[in-house]
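Thanks for coming. I will go through a few parts of one structure, and you can follow along on the screen.

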Amino acid sequence: MPLPRSPVFDQLAQAARERILILDGAMGTQIQNLGLSEEDFAGHGSGCACHHGADQPQKGNNDLLILTQPRAIEEIHFNYAMAGADIVETNTFSSTTIAQADYGMEGAVHDLNLHGARLARRALDRATAIDGRPRFVAGALGPTNRTASISPDVNDPGFRAVTFDDLRLAYARQVTGLIEGGADILLIETIFDTLNAKAAIFACEEVFARTGLRLPVMISGTITDRSGRTLSGQTPTAFWHSVRHADPFTIGLNCALGAAEMRAHLAEIAGVADTFTCAYPNAGLPNEMGAYDESPEAMAAQIAEFARDGLVNVVGGCCGSTPAHIRAIAEAVGGQTPRALPRPARRMRLSGLEPFTLTPDIPFVNVGERTNVTGSARFRKLITARDYAAALEVARDQVENGAQIIDVNMDEGLIDSQGAMVEFLNLIAAEPDIARVPVMIDSSKWSVIEAGLKCIQGKGIVNSISLKEGEESFLDQAEKVRRYGAAVVVMAFDEKGQADTYERKTEIARRSYDILVEKVGIAPQDIIIDPNVFAVATGIEEHNNYGVDFIEATRWIRQNLPHAHVSGGISNLSFSFRGNETVREAMHAVFLYHTI
């Protein structure tokens with residue numbers, strides 16, 4: 001069942017409907033201006049030495065200042081609050097075990113997040129005591145310094161320096177500390193790899209389930225240059241499709257670009273997202289010395305244009321911005337009408353590096369199944385021989401020949417199915433012409449499906465889950481599908497076996513749909529029911545109506561399960577005629593026509 005939500009949800013939503021909210025500015029810029037020494041970072045001589053055991057230099061570890069220079073950090077938060085910020089971020093951008101490993105400070109992570117949230121809360125309470133304005137603490141979750149979608153070794157594109165689970169566990173530890181410290185919001189920001197962000201979202205969901213309370217989540221991606229893509233290759237719309245399952249309070253962009261360069265990409269997100277949008281660009285582009293020269297007035301004028309054109313609900317500043325910038329931005333957007341939320345039609349919205357939306361103009365989706373070892377003898381031989389270069393060509397041919405989704409299945413007794421799934425999906429991620437389309441992860445083993453879900457940064461499809469092992473197992477797998485952010489194929493299969501008749505097909509379809517929508521919270525448009533195509537003309541009389549039963553079950557699902565989709569393994573119908581391709585092709589054409 002859905003978790004109760006923090007009261008902050010309603011407070012934020014009400015405020016965001018009334019006016020454009022203000023986020024704070026750069027923390028690093030303010031710290032740099034303090035001119036701190038190694039001794040200041042380590043806390044020596046301040047009476048607040050850090051006792052977490054690191055012997056290496058700490059200068060540059062800005063997050064550590066939470067423990068060694070708390071007054072300085074609190075004052076920065078306070079200054080941003082007094083400049084007009086409604087939401088102030090904690091100084092915890094790098095407060096994960098993964099990022100802190102560079103400084104040998106993994107052991108300080110819980111304290112950094114706990115006290116980071118408390119410092120921000122204390123600063124905001126001071127500001128509210130002065131002017132009476134409520135303010136919110138956003139616990140900052142940075143992207144870490146590793147990527148789950150890109151190999152650091154050009155000679156080994158399938159290698160990863162960090163795994164989804166490494167990231168998930170690190171983020172869960174960070175989120176726990178932030179919540180214990182009193183964070184009102186969680187902000188997953190500066191996302192250059194959507195798979196890292198999906199691990200952070202998964203971690204948030206795990207912690208929410210453990211604490212019994214859901215906090216608002218803000219998500220902010222980074223378009224790395226004017227190409228209009230993240231570092232890992234996604235377009236803004238594909239990025240939105242990939243993280244929509246988090247039901248974020250805001251979606252938007254920060255860092256890398258100034259306001260002028262960010263505008264087109266922000267407009268794209270603002271046009272597709274049915275939630276509030278947030279933008280906090282850098283203070284222009286860096287000069288030849290790496291500094292940011294854009295004045296508060298110039299930056300504020302550009303962000304005011306964002307507001308006038310209905311692109312934003314929350315605005316602030318990233319690298320190079322100061323309290324002066326935030327004050328100017330707050331003044332520039334004050335009184336302007338916040339962006340109205342669009343109401344997009346309910347559609348299945350998937351993504352690889354690029355988005356795919358299933359609209360009424362697309363009557364039939366081509367799923368390329370040549371990358372399936374159970375359906376392609378050639379592909380099975382290539383995977384068994386570990387000839388992944390040739391296997392990738394099979395995938396490429398599928399996409400070039402019109403496959404809108406590629407189905408990857410490694411269920412073969414003579415290979416390590418899980419290992420092959422991970423390796424192949426990691427290799428696909430390095431091939432933009434293949435990775436642009438969504439992936440259907442196909443296996444009869446849940447462990448293989450889950451391993452595959454941990455490799456794709458886009459929004460794919462799980463094929464499949466069912467009630468075969470009972471409702472408890474079905475609920476567990478469905479909840480994980482939701483947390484990974486995938487659509488799902490549900491087989492018409494329950495504890496009694498596969499559905500063969502119209503009555504059984506529709507009964508199981510209804511039960512599965514109701515569980516997924518009402519108990520798990522999966523969007524109806526992300527549910528694909530497979531009512532089972534069985535062979536006809538087998539010589540057994542009760543099999544003769546199997547084709548008609550599938551067609552009628554399809555009609556019933558469309559009429560009675562709003563927004564759900566239907567799939568089927570069409571080739572099963574003609575299995576009795578294997579060897580006679582002319583007859584099989586004719587049967588498939590007629591059957592497909594009537595099912596569509």
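**The cavity**

About 30 Å³ of space lies in the largest cavity. A search of the whole structure finds one cavity of 30 Å³ or more. The model is predicted: local features need pLDDT of at least 70, side-chain atom pairs count only at pLDDT 80 or more, and totals for chains, interfaces and linings use all residues. Residues are numbered from 1 along each chain as its sequence is written, and side-chain values use heavy atoms, with hydrogens and water left out.

Now the terms for spaces. On a 1 Å grid over the protein atoms alone, a cavity is a set of points where a 1.4 Å probe fits but cannot get out; a pocket is an open set with protein on both sides within 12 Å along at least five of seven lines; lining residues have an atom within 4 Å of a point. Grid points are joined across faces, edges and corners, and a volume is the space filled by probe spheres set on the points.

Which residues line the largest cavity? They are Gly142, Pro143, Tyr171, Ile188, Ile191, Phe192, Asp193, Asn196 and Ala197. E4 and H9 are the elements that give two or more residues to this lining. Helices (H or I, at least four residues) and strands (E, at least two) are DSSP runs, numbered from the N terminus. By class, the lining of the largest cavity has six nonpolar, two polar and one charged. Here Ala, Val, Leu, Ile, Met, Phe, Trp, Tyr, Cys and Pro count as nonpolar, Asp, Glu, Lys and Arg as charged, and the others, Gly among them, as polar.

**The second largest pocket**

The second largest pocket holds about 1,300 Å³ of space. Its lining is made of 47 residues, and Arg244, His245, Asp247, Gly521 and Ala523 lie nearest its centre. H9 gives the most to this lining, with five residues. Other helices that each supply at least two residues include H10 (236-243) and H20 (502-520). The lining divides into 24 nonpolar, seven polar and 16 charged residues.

As for H10 itself, eight of its eight residues are buried. Buried means under 20% relative accessible area, exposed over 50%, and partly exposed in between (1.4 Å probe, protein chains only).

Two strands pair if DSSP finds at least two bridges between them. E2 and E3 pair in the parallel sense over three bridges, and valine 88 has valine 137 as its bridge partner in E3. E3 and E4 are also parallel, over four bridges, with glycine 139 opposite leucine 186 in E4.

**Helix H1**

In H1 (residues 8-18), the buried residues are Val8, Phe9, Leu12, Ala13, Ala15 and Ala16. Seen down the axis of H1, these fall within an arc of 165 degrees, so they line one face of the helix. That arc is taken from the directions from the helix axis to the C-beta atoms. The face turned away from the buried side carries the exposed residues Asp10, Arg17 and Glu18. What covers the buried residues of H1 includes strands E2, E3 and E4, where contact means heavy atoms within 4.5 Å.
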